[in-house]
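Subject: Structure handover

Hello,

Here is the structure we talked about. Please open it and read the notes below alongside it.

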Amino acid sequence: MRARVAVLTLACGAMVWFTAAPGSRLRASTPQTPARDATFQPTSGTASLSGVVVTDGDTPTPVRRAIVTLSGDGLRPSRGAITDDDGRFAFERLPAGRFILTAARPAFITSAYGAKRPNRPGTAITLSDGQALADLTLRLWRGGVLAGTLRDEFGRPVAGVPVEAVRAVTPPFPTPTLTLSNNGVTTDDAGEFRIFGLEPGTYVVRASPSAPQTGTMGAPSEADVDRMLDALQRRAPAPIGSAPVQNDVPDPPAVDFAPSYHPGTPRAAQATRVTVVAGQTVTGLDFSIQRIATATVEGRVIDDQGRPVVGIGVQLMPGAPPGPFEPRVPRAPSATTDREGAFSISSIPPGEYRLFARAAERQLGLTEEGPAVTRMSSAMQGNLLWAYQDLAVTGNDVPGLVLRLQPALRVAGRVVFDGQTLTPPEDLTSLRVVLRADSVVGGAGFINGVVQGNIVAPASVAADGTFELPSVLPDTYRLSVTGGGLDGSGWWLASATAGGRDALDFGLPITPGGGADVVITFTDRHSGISGTLQTASGDPASNVFVVAFAADRTFWGPGSRRVQAVRPDVDGHYAIADLPPGDYLLGALSDVDPEQFDDPAFLDQLVPASIRLPVAAGEQKVQDLRVGG
Amino acid sequence: MRGIVTVSFAAVAVLALVARPAGQTPVVARPGGTTAGSSGQSAASGTGAITGVVTDATTGQPVPGAVVYLLSTSRRDGLPMPRMVADPRGRFVFRDLPAADDYQVGASHFGYERGAYGRTEPGGPAGQVALADGQWVRDVSIRLWKLGVISGRVVDERNEPVVGVAVRVFATRSIAGRPYLVGGSVDSTDDRGVYRIANLQPGRYQVALLSVQSTILASTPEGAPLRPIGGLASGGYSGNARLGGAVGDASVNLDDRHRLAITNFGTPPPPGDGTPRAYPAQFYPGVRTHEAAETLVVELGTDRTGVDFQMRPVPAARVSGRVEGGSGEVANIMLRLMPEGLERLDFGVEAATTLVEPDGSFTFLNVPAGAYTLVMQPAIMAFSFGPGSIRLPEPAGLVTSGISVGSLRAAPDVGYLRSTVEHGGDVWARQPVSVGSSDVTGLVVRLQPTVKVSGRIAFDGDTARPTERDAFRLAIEPADGDPALGTSSAFIRNGETTFTIEGVLPGRYALNRQLGRWYIMSAVWNGRDITASGLDTSTGGDVTDVVITVTDKAIELGGVARDRQGQPAAASAVIAFPVDRARWTSYGWSPNDFRTATAGATGSFRLPYLVAGEYYVVAVDAAQADAWTDPRFLEAAVPHATRVTLDWGDHKTQDVVLAEVVVR
C-alpha cells in the first residue's frame, strides 16, 4: 500500500511576517479599525454620501460591481456597497465625521477617493450632521498585466514553476510588503504565466524552479554520459567486497536550479526592468529557467577550548540584505555537526554567505569528544553561544572552515516614563522591548529552513523598568516597545539613547566585544505640526501633500521618523503628529512617490521651497499654509 | 486559525531523507585548497551503478532535463542521495553506489506527473532495484506522464469576464465500498476570466463554478475574520493598509446587522430597491445540480478547453430564524447551507453561510431558491483528491481552533481536512430547508447534543501496560465512510487506561484497531462484541463502559511473489483481504484487515499490522494495487487467492503466485 503523509501548510501563517512590515510614513490620517466589542451597536446618523466609480483615462467609463468602502473613526463598522451597472453607489444614515472612501474590484488597483494616482493616499471626506454629499467621483485604475512563457534549456515550456513580478522597493528594512505577496502565480501546463492587477511601477519577473529531493545534482553532457557508460562497459564485474574501482571519468559538475529573471539571467541586476502603467498589458515576457554550478561547504564547529561540538546546527544564510528585486525570504541550507564536529552542506549556489552556528549554552552537554548539543530548542533562552564566518561561494567547493563558538552580547537598560499630566503605568511588566535586526543575522529564526524573521526574542521589562536581553548577536538593530496598553494611552516613545545616540534615529549598533546600555524614554508631551492649507483664492487646498522633515540632514534616510508627510482633509486641515523635537522644514508638494522621501537628494530639492520651523518638546505648532500663490 | 488553508500531500518517500544522525558517518574535511564543485559523493561510496533513460509515456520520446533521483530506506547513513539531470537523450548514470536491495529510482520534470522505475500508470506503485556490490543495473526505464487539463472562461450576464472566482473539479471515489463525490483542484479566474485546471489524472470529472453567499455580522471585527480567500490567485480583493482601509474589507452592508462578505465568488448585483439577487453556484454546463452536470472524460494528455460558465443573477431570499437548544454560548456559531445531496462536500460548496448572533438569531443573506440542508457541527470534515496543494475557500467568519489533515487508507488518492470549529461546542444540527422566491422567516434550528463514548482499556495476558511516555489516539471512523459524520478520537497519555471520545455525531462507526503500539482484539459494549459490527450511536445517548481489550502481539505475513514460471514477480502488488464478505464494505477509512504491499526486486513482500482473522492473499499486477477498494475486484480475486488464518503474534510465511484478476 502506498502510504501517504499529509503536510499542512497554513498560507496565512506565512503572512504573519509580511504584515509585520513597518507602516509607510505616508499616511492617510485615519485611525485603524475598532476592536471587538461585546455590546456592539452600529453607528448611524443623518448624513449621506453618494457618487460614481469610473475608470481612469480621457473617457472615463463607469465601473460596475466595484466594492466601495467607507471607513472612519466614528463609523462602526465601516460601510460597504456594490456599484450598480452605472457605477453608482450611495451610503445613507451616516454620522458626522471624517471618512476615507475606497473602491476595489478584482484586477483593478484598490484606490482611495482623491488619489491622484493608483495606490496613493486619498483625501479624507468630512461630513456634518444632515449633510448630503452627492456626485463624488472615485477613479479606479485597472492594474497592469505581465504575461509570458517560461521554457527550459531545450526550449520546451515548463509548468508548475512559481513566477513573481517583483517590484523594486527600498523600505527601511528588508521586509516585504503585503502588496508584493499578491504578485505571484504558477506557470500553467503550457509554461504560460499571467500576473495581473499590478500597481504601476517598475518590475522584474522572476521564476523560482526547484528540483525534487536533496543531494548533489549532476548535470552530465551527452558526451559525459557516453564516456561514463563506456567506462562501465569496460569495467570488469567487481568481486563482492572489493575496493571501489577508480573512475577514470570524473563526476559531472554539481548544479541546481536557481531563481531566474527575464530575459534569462540568474542575476537580479541583469534582469529586464519592465515599467507598467495602469491598465497596460505587457505580453511576450518569455524566458528560460537556469541551472547554475553549486558547491559544497565543509568545516567543523569547536567550542572556545577547541573541542568539537557535536550535533549543533549550522546554517548558511545570505551574507547581506537582499538588494532590489532579490528574494527576501531566502532558503537557508543547513546541516548538523557529526561526532567530530564536522558538517557538510552541498548544492550551494554562488553568492555571499554568512555561515552561522549557535546554541544555548545550557543545551551543550559534554561527550568524550567534547560538547554535544543535548536538546535543540527553538527558544532563544539562556546564554547563547554563536559563531559565524562570512564566505563567498563561486561554484568551487569550500572545505576546511572552522567555527569557534563564543558567547553572545548583552543589551540592558531601563524604561523611563517622563510625564507631566499622565501617571506612568502601574505595571511595567507587560512591556516588551523588541530588537529587530537590519540584516537577517541578528535574530533569524528558521522554520523548515526558511528565514522567518529578524527579531530577537523580546525582553520583558521588570517592575522597576529595567530590562535585559542577554543573548544578542552583533548587528544593527531597530528598537521598539510593545505591550503594556500603551497604544492610545497618550504615552509616546520619545527616545532610546545608548552611547549618546538615539537608537530611534540611528539604530542600535552591537559590535563584537561590546554590548549596550539603553535608556528608553516615554513622554506624554507630544510635539507636532498642524494647520490649514488654502489655495491662493482662499479655498481649502486638499489636493496636495504636506511634508515635514528634519532640517539636520543627518536625520534623513530610509524610515526616518523625522520625515513625515500627510494629505490634508477635504477642508484643508492637516496634522503631523509625534515629531521628535527639533528644527523642521515644512513644504507642500502636488504629488510624490512615498519612496522618494528615503532619498536625501529629493529632500535637498525641497529645501529652498520650505519654511523653517523649530518644534520644541511638547509643542503643538500651528502653521497655516497657502499654496499656488 | 483563519483564512486560506493549503493542504498538500507529499509522498512518504520524502521522509526517507532524514537529517543525518550525529556521529555515524564522519565527514572528513579534505585537505586545504578548493576543488571544483562536483556531484560525486564524498562518503558512502560503493561499486554499484544504475543507468537508464527517461521517456515521455505518451510519445516515447526522451525527456531531457528531467531530474532523476534515488531513494532507499535500507540505507541508514542518512546522506542525501545523488540526483542526476537527464542528458539531451534522456539518459542518466548513477555510479559508485553502495549495495542495497531496495533502491527506488524516481524522475520528475516540469509539467509531468512524477515517474519511477516500475511505475506502469500515473500514481501507481514504484518498483525497486536490488543492487549488489559491483553490479551494474542498466536500461532502467522511467516513464513520465502528461496528465489532463480542463480550462474555460467565466463571464457574467453582460458577457464581461469575471475575475478571481473559484472553479473546482469533482470526481467520484469509492470509499468503504460506497461512491462519494469528492472535490479536487481549485483554480480562480484571471483578468480575462480564464481558469485552467491541470494535472488531472485520467478519469471522469465534473466542473463547478463555486459561489458562496457568506453572511457575517456587523459586529464581526474587521480584518482577519473577513480575510478573503483571494489568495487563490492574484487580483482578488486585497485590502490596502497604505490607504488607511482595513485589510480584507471586501464586504457590503445589506442591513444594519449583517454584511455580505465578497471573497472569491462573483460579486452580486447591488440589492438596490428591488429583490436581492445572487449568482448561484453551477456545474458545467450551466446546471444547478451535479446530477445534471456533464461528466468530462479526461485521458492522458487531454486538453479540454471551452468549459465555460456564464453567471446570471437569480432572485435571492433571506433565510432567518433562531437556534434552540445547546447549553452554552451560541454567538458566532457557523451555520452552513449545503445544497441537497452535496452535504458531504467541503468549503466552497455551501450555498450560503452565516454566523449566529449572541441572542440566538441568525440570517442568511442572498440565498438563491433551492433545496438545502442546514448543517452545523463541531468539526467540519471533507475529502479532497489530487496531487499537490489545494487551497480551499473557507467561509468568511469561520474561526477554527484546530486543523488536522490526513490520508485515507480506504481511498488511496483521497486526503481529508478536518477543521475544529471554535464556536459551538458539543452540539450539532442538520435539517432540510427549502427556499423559494420569498424570504424564509422563523426557522427554528434545534441544536442537538453530541454523544460521548467512554470506557476503559483492558490488557490481554502479559501485554505491556502503557507508560507515562506513551501517547496515542483511539479513533472511531464512520463505518460507511461518510465524511459528514467526521472522525472523533480520544488522546490517551500519561499511562491512562480510560478514555472518553467527545463530539460524536449519531451514526455507525468503525474502530481503528491500531492503537499506539497495541492492537484492539475486541471491543465489548452492553455484552456485545462490536469489534466487527461497529459502534452504533444513532440512538443519541452517551455510550459508556466500552471495554476494549488490546494486545501487543503484532501479526505479520511475509513471503515471495512469483510468476507462473517461478520467477520473482518484482513490483507486483500483494493484497491481503478478509474472507468475510461482510467486511468488504463499511469498514471506515482505516480497514485493519486490508493490507497491500509492493513486492521487492526479489519478489519478497511484507504485510505487517494485520489483525487476527481469516484472510485471502493474492498477488496481482502493480496497476491493480488499489483495486481492493472495489468489492467486485475482491470477488474476482477470490478464486486466485490463498487462504491464510492469522492469530495474534503470528509471523507467517506464505508465498503467492501472480494472478490475472479480471473485473467484469
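First, a definition: helices (H or I, at least four residues) and strands (E, at least two) are DSSP runs, numbered from the N terminus. Chain B has 1 helix and 52 strands.

Next, the ground rules. This is a predicted model, where local features need pLDDT of at least 70, side-chain atom pairs count only at pLDDT 80 or more, and totals for chains, interfaces and linings use all residues. Residues are numbered from 1 along each chain as its sequence is written, while chains are lettered from A and ligands numbered from 1 in the order in which they are written.

**Chain B overall**

Chain B has 664 residues, and 56% of them count as buried. A residue is buried if 20 or more other C-beta atoms lie within 10 Å of its own, with C-beta atoms placed from the backbone. Now contacts: two residues are in contact if their C-beta atoms, placed from the backbone, lie within 7 Å. Take the contacts in chain B between residues at least 6 apart in sequence: 76% join residues at least 24 apart.

**One sheet**

Strands of a sheet pair through backbone hydrogen bonds, either parallel or antiparallel. Here, two strands pair if DSSP finds at least two bridges between them. In chain B, an open sheet of 3 strands runs in the order E5-E2-E9, with mixed pairing. Its edge strands are E5 (91–97) and E9 (136–144) of chain B, and each pairs on one side only. Strand E2 (residues 48–56) of chain B pairs with E9(B) in the parallel sense, over 7 bridges. In E9(B), Val137(B) is the bridge partner of Ile50(B).

**Cores**

A nonpolar core is a set of buried Ala, Val, Leu, Ile, Met, Phe, Trp, Tyr and Cys residues joined through C-beta atoms within 7 Å. The largest has 260 residues. Ile50(B) is among those with the most contacts inside it, as are Leu146(A) and Val54(B). Beyond its neighbours within four places in sequence, Ile50(B) is in contact with residues including Phe94(B), Tyr103(B) and Val140(B). Apart from this core lies another, of 59 residues, with Val309(A) and Tyr353(A) among them.

**A residue in chain A**

Phe467(A) lies in strand E39 (residues 466–472) of chain A. Why does Phe467(A) count as buried? Because it has 22 C-beta neighbours inside 10 Å. Not counting residues up to four places away in sequence, Phe467(A) touches Ala412(A), Val433(A) and Val461(A), among others.

Best wishes

Technical notes:
A residue is buried if 20 or more other C-beta atoms lie within 10 Å of its own, exposed if 12 or fewer, and partly exposed in between; C-beta atoms are placed from the backbone.
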